[in-house]
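Dear colleague,

Here is the structure I promised to pass on to you, and my notes on it follow directly below. Please read them with the sequence and the coordinates open beside you.

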Amino acid sequence: MNTRWHADPAAVARYAGGELDEARTYSLEAHLFACGQCRALLSPLMEPEVVARVWSEIEEAVDAPRPAPVERFLRHLGLPDHLSRLLAATPSLRLSWFAAVGAALGFALLAARGDHAGLVVFLAMAPLIPVAGVAAAFGPGIDPTYEIGVAAPVRSFRLLLIRSTAVLAASLVLTGLVALALPRLDWTAVAWLLPAFALTLATLAVSTVAEPVPSAVGVALGWIVAVTLVGQLSGDGVAAFHATGQVLCLGVVAVAGLILTRRSEAFDRRPWS
Amino acid sequence: MNRSAHAIRQMSVKARDSERSDEVLLEAVAHRERRALRALYERHAPWLLLRLSRRCSDTTIVEEVVQDTFVAVWRKPRSYAGTGTVPAWIWGIGIRRLIDQLRHRSATVRRFPFPTRIEPSAEEEVLLGVEYGDLAGALNRLSPELRAVLQATALDGLTMREAGRLLGIPTGTVKTRLMRARAELREALA
């Protein structure tokens, strides 16, 4: 840069010490953008430890692997870093999981747009999505951070609640969006919501005595049998989703919630490990 | 290779880095050359640290912002459009990171470390008069609040909204203070 004017070295030193008056500070700061020669005057005035410390932190950040998309998204939402990492390590909060769930919902939606029986399939399947998600969110064999979690000074129940809430929220949003495309936007578009809560809590409650995956499978089988039986007996496929069914689901939510709060310490003992 | 030969080679490598222009170094950073980032850091971290610490009194925040800035330079060297100078581009990243950092902190962080007016000596007053006309005196006589707004917009290149976020005041206040600052300067120069 060919600038003829250069800052007075004494003024630069006073600037570094915060003692230069405002007008000359403005002038100097504007000049520093354009003049490498005057910028270089500042380097020897810096504390070498500060320069070295900041550089070592830059190297560390540059060497660290980039967080996964889900983790970056969570951080962007303002979640603390450790919680974002914890949630991003949840198998059922990965993009691949969402893709699989989206595909399954898509097929169910196609069926539901076809005929009434298809609608029953959609309604029966939708509440099982958070169940599968929660089962895949913790437990040995699936959770990649399981071994770390066992040794971590965090209550397993707390970890479970954080992850289950996130999985449940993500599943409900996804399913809710797909349900908007159902042929008729009446009560059937939300009829799966309460069963979803009930089945998820039931799975967690059963997990206090059994491993998460078998618990989820058991709950899911029970659910499918119940929906089919009610449908067959009443002659109406969606009978299980009428008022009585919804009230029953509410009951399950209450009972399962009670069991969970009573037996929360069971997760810290990890009964299945 | 013996040690002195290695040392000589290291020195020549360093010398070559310091000869490369900012633009060339940025291009090398885009090719994942760590040494080029180091050279940019050595060249630009000192003034960035100083300039930011005149806008935020918390050295921990300032150091974090400088760190973030150079990590951003490493990740996206191509976002330098080549319009302004490289230092101006680096400053743009740095000051906006500082605004982000301050937004997440409580308002108790003292944003301006030098709120008191630093009076130039009588001799300097004369020199300043020679150098800048009455403008310098008028700038120095502005209240710290008015000066801060002028500095954030005119010198730091921030929009009024960004300036408001940096200073912790509403955008409307930035606007009125800027108008008052201009009026006072105009009056002093008239």
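In chain A, A:Val12, A:Arg14 and A:Tyr15 of α1(A) are in contact with A:Arg24, A:Thr25, A:Leu28, A:Glu29 and A:Leu32 of α2(A), where contact means heavy atoms within 4.5 Å, and helices are DSSP runs (H or I, at least four residues) numbered from the N terminus. This is a predicted model, in which local features need pLDDT of at least 70 and side-chain atom pairs count only at pLDDT 80 or more, while totals for chains, interfaces and linings use all residues. Residues are numbered from 1 along each chain as its sequence is written, chains are lettered from A and ligands numbered from 1 in the order in which they are written, and side-chain values use heavy atoms, with hydrogens and water left out.

Helix α1 (residues 9-16) of chain A packs against α2(A) at an angle of about 100°, with the axes 11 Å apart; the axes are lines fitted to C-alpha atoms over the stretch in contact, and angles run from 0 to 180 degrees between N-to-C directions. α1(A) is therefore roughly perpendicular to α2(A), a term that covers 65 to 115 degrees. The residues of this contact are four nonpolar, one polar and three charged, with Ala, Val, Leu, Ile, Met, Phe, Trp, Tyr, Cys and Pro counted as nonpolar, Asp, Glu, Lys and Arg as charged, and the others, Gly among them, as polar.

In chain B, α8(B) and helix α10 (residues 171-189) pack at an angle of about 100°, with their axes 9 Å apart, and these two helices are therefore roughly perpendicular to each other. Among the residues that make the contact are B:Leu146 and B:Val149 of α8(B) and B:Leu178 and B:Ala181 of α10(B). By class, the contact of α8(B) with α10(B) has seven nonpolar, one polar and four charged residues.

Between the chains, the contact takes 39 residues from chain B and 35 residues from chain A. The area buried there is about 3700 Å², of which carbon and sulfur atoms give 62%; buried area is the accessible area (1.4 Å probe) that two parts lose on being put together, summed over both. Seven salt bridges are found across this interface, each being a side-chain nitrogen of Lys or Arg within 4 Å of a carboxyl oxygen of Asp or Glu. In one of them, A:Glu22 pairs with B:Arg54, the closest N and O atoms being 3.6 Å apart, and the pair crosses from helix α2 (residues 22-34) of chain A to the loop between α3 and α4 of chain B.

Note on methods
Angles under 35 degrees count as roughly parallel, over 145 as roughly antiparallel, 65 to 115 as roughly perpendicular and the rest as oblique.
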